[in-house]
Amino acid sequence: MKVIVVEDDDTKRGELIEFVKEYFDVDCVDSARSFQSGLRAIIDSRPDFIFLDMTMRNFDRTVAEEGGRPHPFAGREILRQMQRNRIKTPVLVVTQFDRFGEEADYVTLAQLKAELQTKFSNYVGAVQYKSNIDDWKPAIIAAIGGLLPRRGADR
């Protein structure tokens with residue numbers, strides 16, 4: 001089973017990868033660091049499950065490049081492109097924010113969850129990640145249900 005973590009924050013991406021490897025019985029955990037590299041990885045490799053950030057840069061950051069402006073709805077756009085390409089891989093959104101966009105297109109996390117639920121059949125939920133609190137881990141386990149096999153029977 002192959003999983004991809006699409007996340008532009010190095011710390012959060014590392015913690016998610018470590019968590020997935022520890023709690024789930026998967027063969028491969030790949031990652032992508034931006035909207036463009038995430039979409040490319042999903043289309044090219046067709047993973048079995050995707051952990052997707054909502055707000056991320058358009059391109060991978062480098063020493064010389066900042067990766068463009070943060071796109072507040074990059075994750076939603078990846079879901080749209082997946083739908084367009086008929087990719088039905090289950091997606092769990094993992095975000096640090098509880099609100100998105102600016103003024104005219106401002107939405108709360110609750111509103112975004114409702115929108116994604118109605119528009120994308122492969123969307124399995126959204127979890128708010130906080131680096132200083134580990135409550136995101138049981139929330140991910142609950143949201144995924146049986147979509148990823150768990151490691152060990154005693155967890």
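Is Phe 19 buried or exposed, and what is its relative accessible area? In this predicted model, in which local features need pLDDT of at least 70, side-chain atom pairs count only at pLDDT 80 or more, and totals for chains, interfaces and linings use all residues, Phe 19 is buried, with a relative accessible area of 2%. Burial is assigned under 20% relative accessible area and exposure over 50%, with partly exposed in between (1.4 Å probe, protein chains only). Residues are numbered from 1 along each chain as its sequence is written, and side-chain values use heavy atoms, with hydrogens and water left out.

Seven aromatic pairs are present in the structure. Rings of Phe, Tyr and Trp (its six-membered ring) pair if their centres lie within 6.5 Å; planes under 30 degrees apart count as stacked, over 60 as edge-to-face and the rest as tilted. Phe 19 and Trp 136 form an edge-to-face pair, with 5.4 Å from centre to centre and 65 degrees between the planes. Phe 19 belongs to helix H1 (residues 10–23) and Trp 136 to helix H5 (residues 136–144), so the pair ties together parts that are 117 residues apart in sequence. Helices (H or I, at least four residues) and strands (E, at least two) are DSSP runs, numbered from the N terminus. Trp 136 is buried as well, with a relative accessible area of 1%. Trp 136 also pairs with Tyr 129 in a tilted arrangement, at 5.0 Å centre to centre and 55 degrees between the planes. Tyr 129 is buried, its relative accessible area being 2%. One aromatic cluster is formed by Phe 19, Tyr 23, Phe 24, Tyr 129 and Trp 136.

The packing of H1 and H5 was examined next. Their axes are 12 Å apart and the packing angle is about 55 degrees. H1 is therefore oblique to H5. Axes are lines fitted to C-alpha atoms, for helices over the stretch in contact, and angles run from 0 to 180 degrees between N-to-C directions; angles under 35 degrees count as roughly parallel, over 145 as roughly antiparallel, 65 to 115 as roughly perpendicular and the rest as oblique. The crossing of H1 and H5 is right-handed, the near helix being turned clockwise from the far one by less than a right angle. On the H1 side, Glu 15, Leu 16, Phe 19 and Tyr 23 meet Trp 136, Lys 137, Ile 140 and Ile 141 of H5, contact meaning heavy atoms within 4.5 Å. This contact of H1 with H5 comprises six nonpolar, no polar and two charged residues. Ala, Val, Leu, Ile, Met, Phe, Trp, Tyr, Cys and Pro count as nonpolar, Asp, Glu, Lys and Arg as charged, and the others, Gly among them, as polar.

Helix H2 (residues 35–45) and helix H3 (residues 74–84) have axes that come within 10 Å and cross at roughly 25 degrees. H2 and H3 are therefore roughly parallel to each other, and their crossing is right-handed. H2 contributes Phe 35, Leu 39 and Ile 42 to the contact, and H3 contributes Ala 74, Glu 77, Ile 78, Gln 81 and Met 82. By class, the contact of H2 with H3 holds six nonpolar residues, one polar and one charged.

Most residues other than glycine have a negative phi. Arg 46, in the loop between H2 and strand E3 (49–52), has a positive phi near 45 degrees. Arg 46 is partly exposed, with a relative accessible area of 44%. Arg 86, in the loop between H3 and strand E6 (91–95), has a positive phi of about 60 degrees. Arg 86 is exposed, with a relative accessible area of 72%.
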